[in-house]
Amino acid sequence: MALRLNHMIFHSHKVSSFALPQSPSLRSYKVSMAATLHSTSRELENVKNPFSPPRELHVQVTHSMPPQKIEIFKSLDVWAEKNILVHLKPVEKSWQPSDFLPDPASEGFEEQVKELRERSKEIPDDYFVVLVGDMITEEALPTYQTMLNTLDGVRDETGASLTSWAIWTRAWTAEENRHGDLLNKYLYLSGRVNMKQIEKTIQYLIGSGMDPRTENSPYLGFIYTSFQERATFISHGNTARLAKEHGDIKLAQICGTIAADEKRHETAYTKIVEKLFEIDPDGTVLALADMMRKKISMPAHLMYDGHDDNLFEHFSAVAQRIGVYTAKDYADILEFLVGRWNVEKLTGLSGEGCKAQDYVCGLAPRIRKLEERAQGRAKQASKVPLSWVFGKEIMV
Ligand SMILES: [Fe+2]
Ligand SMILES: [Fe+2]
């Protein structure tokens, strides 16, 4: 196992509203790392470097999965072809962003744009902040394809590999690519948001990359993607619901269509993890506990617009407040996955495996309790200017 110290984060990232209080072990880990970083003052010289977006603040671990387990994934190639690739939609049967947008080649284009803008006027700014955050998350797709291609045994070795795993990753990426594209074009046409600031945020975010702490392990990687697909399904589902409430049926359709894709992806990724539980219950439950101890970081947690050092926290707070993605959802997703994979019913586990099982099965209620306590502490409502909506002050 190779360990490498990561660079220091450049912006003061507070704990997000989704994140839980640090476990004591993680806290001491951070302290010792901070001590090490103290001597590397060269890092700090880069603080004003315009190419340096926020970076991860944790030790980066690589190749933690025993190499012999790579064979499991190679042997599952035919299984993946029959069970996973079936969850992709052929291009000819897929929706495209242009299906939901004014047709620039048609006579009625200007009228359609006008209608779109009229409808969007009824929607409050805080909704747009969340929709922008969701869109930016989707637009950092290069990072997610990279992440999948870090996973040992399933990565696309050539860029056009014919393994089922590689075919899945490329086709999944191609499906996902429509999400950011559609939301971006809708938001551009709406005229409600500052596109230049949004585009800067996307550029910073892709430059930041992300280390979801999956350590090149497809066990950890597919647990992470299972969680994330469900999180995006919930999030886009809620922006659809709210758009409808604000009277914009077309925007509701856009978000709902994206949510349906996320659901299909969730089905595929959770099926992979289900198979891993069948083949290697001990290894998989240990991976699930490991991932949950580290917490599932949100893919866009390093977002930055060149101004706001706490941009992700502000976006998250608005998402929480208007009910698009909340701390309760985090616990609900975990509980759903634990049920989906029948973790409680696993038998024949090692001592460590049993401990991991107990930990993950009891975690969702604990998260909820912590969250209720946090909610109980009266939080000062404050307003912050957000560049995405032209510096208007938004309640966070
Ligand atoms: Fe997506
Ligand atoms: Fe997705």
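A: Let's begin with the contacts (heavy atoms within 4.5 Å): among those in the protein chain with a separation of 6 or more, 85% join residues 24 or more positions apart. Keep in mind that this is a predicted model, where local features need pLDDT of at least 70 and side-chain atom pairs count only at pLDDT 80 or more, while totals for chains, interfaces and linings use all residues. Residues are numbered from 1 along each chain as its sequence is written, chains are lettered from A and ligands numbered from 1 in the order in which they are written, and side-chain values use heavy atoms, with hydrogens and water left out.

The protein chain has 396 residues, and 55% of them are buried, meaning under 20% relative accessible area with a 1.4 Å probe, protein chains only. Its secondary structure comes to 15 helices and four strands; these are DSSP runs numbered from the N terminus, with at least four residues (H or I) for a helix and at least two (E) for a strand.

A donor here is an N, O or S atom within 2.8 Å of the metal (3.2 Å for Na, K and Ca), and sites may look incomplete because water is not among the atoms.

What does Glu176 bridge? It links the iron ion (ligand 1) to the iron ion (ligand 2), and the two ions lie 3.6 Å apart.

Now for the iron ion (ligand 2). Glu176, Glu229 and Glu262 coordinate this ion, each through OE, at 1.7 to 2.0 Å. The spacing of its donor residues in sequence reads E-x52-E-x32-E. With Glu176 in helix α8 (residues 164-190) and Glu262 in helix α11 (residues 249-279), this pair ties together parts that are 86 residues apart in sequence. Glu176 has a relative accessibility of 4%, so it counts as buried. Glu262 counts as buried too, at 1%.

While we're in helix α11, have a look at Arg264, which is found there as well. This arginine is buried, with a relative accessible area of 16%. Setting aside neighbours within four places in sequence, Arg264 is in contact with His87, Leu88, Lys89, Glu175 and Arg178. Its C-alpha atom is 9.5 Å from that of Arg230, a residue 34 positions away along the chain.

Helix α6 (residues 125-139) packs with helix α9 (residues 195-208) at an angle of about 40°, their axes 9 Å apart. Val132, Met135, Ile136 and Glu139 are the α6 side of that meeting, and on the α9 side you'll find Met195, Ile198, Thr201, Ile202, Leu205 and Ile206. The axes are lines fitted to C-alpha atoms over the stretch in contact, and angles run from 0 to 180 degrees between N-to-C directions.

Definitions and conventions: Buried means under 20% relative accessible area, exposed over 50%, partly exposed in between (1.4 Å probe, protein chains only).
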